[in-house]
Amino acid sequence: MPDFTAFSDDALESELTRRCVEERRLQAEQLALLAELDLRGLPQAAGYPTAYAYCVHELGWSESAAYERIRSSEAALRFPTVLERLRE
């Protein structure tokens, strides 16, 4: 883990904010990738019965994380503004 003890208070707050913005951007991209993966049927092509099983076994996500991310990616397909809002 990086040593943040040398950061000034302002630099520490700024870095945390920057990383939170980056995390939201990455989450939106991850959901878009997951939606496309599922649309293409790649989990089934890899031998998994569902995208859920793929996420748990191939990606190592917890069952709850897999469920929530799949549901979110499905919502993003129906409502594209979901990803835009996540990036904000």
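**A close look at the side chains**

A: Let's start with cysteine 20, which counts as partly exposed because its relative accessibility is 29%, a value between the cut-offs of 20% and 50%. Keep in mind that this is a predicted model. Cysteine 55 has a relative accessibility of 0%, so this residue counts as buried. How many disulfides does the structure hold? The number is zero.

The protein chain has five helices and zero strands, and read from the N terminus the elements run α-α-α-α-α. Along its principal axes, the C-alpha trace spans about 50 × 30 × 20 Å. The radius of gyration is 17 Å, whereas a compact globule of 88 residues would come out near 12 Å. As for burial, 25% of the 88 residues count as buried.

Which residues make up the largest nonpolar core? This core has 12 residues, and Cys55 is one of them, along with Leu34, Leu37, Tyr48, Ala51, Ala53, Tyr54, Val56, Trp61, Ala65, Ala66 and Ile70. Helix 1 (9-39), helix 3 (51-57) and helix 4 (63-78) are the elements that give two or more residues to this core. Helix 3 gives the most, with five residues. There is a general idea behind this kind of grouping: in soluble globular proteins, nonpolar side chains tend to be buried together.

Leucine 42 is found in helix 2, which covers residues 42-45. Is leucine 42 buried or partly exposed? With a relative accessibility of 38%, leucine 42 counts as partly exposed, because this value falls between the limits of 20% and 50%. Leucine 42 and valine 56 are 14 residues apart in sequence, and their C-alpha atoms are 14 Å apart in space.

Next come the aromatic rings. A pair of aromatic rings is described by the distance of the centres and the angle of the planes. Searching the whole structure turns up two aromatic pairs. In one of them, phenylalanine 4 and phenylalanine 7 have ring centres 5.2 Å apart and planes at 90 degrees, so the pair is edge-to-face; the cut-off for that label is an angle over 60 degrees. Phenylalanine 4 is partly exposed, at 27% relative accessible area, and phenylalanine 7 is partly exposed as well, at 33%. The other pair joins tyrosine 48 and tyrosine 54, again edge-to-face, with 5.5 Å from centre to centre and 90 degrees between the planes.

Arginine 69 lies over the face of tryptophan 61, at 4.4 Å from the ring centre.

That brings us to the charged side chains. How many salt bridges are there? The count comes to seven. One of them links glutamate 15 with arginine 19, whose closest N and O atoms are 2.6 Å apart. These two residues are four positions apart in helix 1, so about one helical turn separates them. Glutamate 15 counts as buried, because its 17% relative accessibility is under the 20% limit, whereas arginine 19, at 40%, counts as partly exposed.

Further along helix 1, glutamate 22 and arginine 25 are three residues apart, so they too are separated by about one helical turn. Their side chains meet in a salt bridge with an N to O distance of 2.4 Å. Glutamate 22 is partly exposed, with a relative accessible area of 30%, and arginine 25 is partly exposed with a value of 30%.

Another salt bridge joins arginine 85 and glutamate 88, at 3.3 Å from N to O. What is the exposure of these two residues? Both arginine 85 and glutamate 88 are exposed. Some salt bridges also share partners, and in this way Glu15, Arg18 and Arg19 are joined into one network.

Key:
Residues are numbered from 1 along each chain as its sequence is written. This is a predicted model: local features need pLDDT of at least 70, side-chain atom pairs count only at pLDDT 80 or more; totals for chains, interfaces and linings use all residues. Side-chain values use heavy atoms; hydrogens and water are left out. Rings of Phe, Tyr and Trp (its six-membered ring) pair if their centres lie within 6.5 Å; planes under 30 degrees apart count as stacked, over 60 as edge-to-face and the rest as tilted. Buried means under 20% relative accessible area, exposed over 50%, partly exposed in between (1.4 Å probe, protein chains only). A charge sits over a ring if NZ of Lys or CZ of Arg is within 6 Å of the ring centre and within 35 degrees of the ring normal. A nonpolar core is a set of buried Ala, Val, Leu, Ile, Met, Phe, Trp, Tyr and Cys residues joined through side-chain atoms within 4.5 Å. A salt bridge is a side-chain nitrogen of Lys or Arg within 4 Å of a carboxyl oxygen of Asp or Glu. A disulfide is a pair of cysteine sulfur atoms within 2.5 Å. The radius of gyration is taken over C-alpha atoms; the globule rule is 2.2 Å times the number of residues to the power 0.38.
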